[in-house]
Amino acid sequence: PHGDCPMSTLSVDTIQGKTTAGTVAMPSNYIVQKKLHAWTTETSSTSSSHADITGSSFSFTPLFSNSVLHIRFDVSCNIYRESASGQGMALKLNVDGTNVANAPQYDYEMYMRNFSGGTHDLYVPYSKEYTLTVTDTNAKTIKLTGAVYGTGDNGRFRVNGGGYFQSTISVLEVKA
C-alpha cells in the first residue's frame, strides 16, 4: 500500500469483451495462449520424398486474426545406413497443407559422414523454431513431414524410434 490507499483484490470468473466481437483488447507482444503437442508414435521411412510424421498432426486455433505464432519442434530422430556413404534427413513444418519455412534444398539438414567403415546409426534431437503471422482465426492443422537422404544400403530415418522417445511441437500465440 502507498499512503492512504488500501490494497484491493479483484476476483472474477470470466473476463468478457463488451463489443460484439467478444474479445478483450490485448497489448502488443502479449502472450495470448500456448499449446504443447506431444507424441510417442514411431515413424520409420526409407523414402527420399517427404512423408507425414505419424502422430505429429494437431489443430491450433488462434484467438486473434493478426497474431504471430512461434512454432518450435523438438523431435527425437534416428538416421541409419549400412555403408560408408553419408546419411542424413530433414524435417519440414507444415501448416494447413503448406510448408511454412525455408526448408533445406536437400534432405540432409542433419547429416553424418563416415569415410571408412560401415553402418551409421545416429540418435539425436532435432530442433527448430519458426514464426508465422496469421490472417484469420480459423483452426490451423500443424504437422511435420520428413525425408531421408540416402535410401540405398538399407537407408532410413526414424522419429521416436521404437516408441521409446517423445517428440513435441509447441505453439505460442503472441498478439501483434
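Biologist: Does Glu42 count as buried, partly exposed or exposed?
Modeller: This is a predicted model, in which local features need pLDDT of at least 70 and side-chain atom pairs count only at pLDDT 80 or more, while totals for chains, interfaces and linings use all residues. Residues are numbered from 1 along each chain as its sequence is written, and side-chain values use heavy atoms, with hydrogens and water left out. Buried means under 20% relative accessible area and exposed means over 50%, with partly exposed in between (1.4 Å probe, protein chains only). Because its relative accessibility is 31%, Glu42 counts as partly exposed.

Biologist: Which residue forms a salt bridge with Glu42?
Modeller: A salt bridge here is a side-chain nitrogen of Lys or Arg within 4 Å of a carboxyl oxygen of Asp or Glu, and for this pair the closest N and O atoms are 3.6 Å apart. Glu42 sits in the loop between β1 (31–39) and β2 (43–45), and its partner, 116 residues apart from it, belongs to strand β11 (residues 156–159).

Biologist: How far apart are the closest N and O atoms of Asp52 and Lys143?
Modeller: Side chains of opposite charge can pair when their charged atoms come close. Asp52 and Lys143 form a salt bridge, with their closest N and O atoms separated by 3.0 Å. The pair links distant parts of the chain, since Asp52 lies in strand β3 (residues 51–52) and Lys143 in strand β10 (residues 140–148), 91 residues apart. Asp52 is partly exposed at 45% and Lys143 is buried at 19% relative accessibility, while the N to O distance asked for is 3.0 Å.

Biologist: How many salt bridges does the rule give?
Modeller: Besides the pairs already named, the side chains of Asp74 and Arg72 meet in a salt bridge, at 2.9 Å from N to O. Asp74 is partly exposed at 25% relative accessibility, and Arg72 is partly exposed as well, at 33%. The count of salt bridges comes to 5.

Biologist: What percentage of the contacts between residues at least 6 apart in sequence join residues at least 24 apart?
Modeller: Contact means heavy atoms within 4.5 Å. As an example, Tyr126 touches residues including Phe73, Cys77, Leu91 and Met110, when residues up to four places away in sequence are not counted. For the chain, the share of contacts joining residues at least 24 apart is 83%.

Biologist: How many strands does the chain have?
Modeller: Helices (H or I, at least four residues) and strands (E, at least two) are DSSP runs, numbered from the N terminus. The secondary structure comes to 0 helices, and the number of strands is 12.
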